[in-house]
Amino acid sequence: MSTDKSPYAAFSALLASSGRDRSPAELHGQLLGRSCAGAGFEVDAWLADAADLLGGQIPDNVRQALIGLQEMVKGELTGGEVAVVLLLPSDEAPLAERVAALGQWCQGFLGGFGLAAGDRPLSAEAMEVLQDLAAISQVQSALEDSEEGEGAYMEVMEYLRVAPLLLFTECAGPVAPAPKPSVH
């Protein structure tokens, strides 16, 4: 039995306990993809998309976790961060498990982005990022469990921490902060 206490492991256990056979990485990818494509941060719309992916009604504990995940993503995308945190297995997990989750994350991102972006024209740079994500989603277990494989995994992860920001900047643009009350 694993003693992994990472957010990924906790979310995975939550999904499993509610009978949902989805990867937390795929869910996070979908959320980030739809957000980067301009879907906005309206909770009910995100929960509807998540319910479709999860196959129906969402239990309240999963619903609360999904809302928390959205708040985290919103903070990262609108808070001037230079990278996002990916919901993936911890570094202690076997490389094959981490690579599989990375592929699931990319698949989720592409699905979420496609749902929200529709036929919107994209720049060549944005198209290249989406093509990279499609290629990464196919990687599955191509990396060997070695120092070289670990290095390649880390490079891909670093790329995926910044690539969504390009798409968010192009497609969703900056979110206006809430107006501050004026003092007279």
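The lining of the largest pocket in this predicted model divides into 10 nonpolar, two polar and two charged residues. Nonpolar here covers Ala, Val, Leu, Ile, Met, Phe, Trp, Tyr, Cys and Pro, charged covers Asp, Glu, Lys and Arg, and polar covers the others, Gly among them. Local features need pLDDT of at least 70 and side-chain atom pairs count only at pLDDT 80 or more, while totals for chains, interfaces and linings use all residues. Residues are numbered from 1 along each chain as its sequence is written, and side-chain values use heavy atoms, with hydrogens and water left out.

**Pocket**
- The largest pocket holds about 210 Å³ of space, a volume being the space filled by probe spheres set on the grid points.
- A pocket is an open set of points on a 1 Å grid where a 1.4 Å probe fits, with protein on both sides within 12 Å along at least five of seven lines; lining residues have an atom within 4 Å of a point.
- Of its 14 lining residues, Pro7, Val85, Leu86, Leu87 and Leu88 lie nearest the centre.
- Helices H1 (7-17) and H7 (147-171) each supply at least two lining residues, and H7 gives the largest share, three residues.
- Helices are DSSP runs (H or I, at least four residues), numbered from the N terminus.

**Helix H7**
- Phenylalanine 168 lies in H7 and, at 5% relative accessibility, counts as buried (under 20% relative accessible area, 1.4 Å probe, protein chains only).
- Phenylalanine 168 and leucine 32 are 136 residues apart in sequence, and their C-alpha atoms are 9.1 Å apart in space.

Definitions and conventions: Buried means under 20% relative accessible area, exposed over 50%, partly exposed in between (1.4 Å probe, protein chains only).
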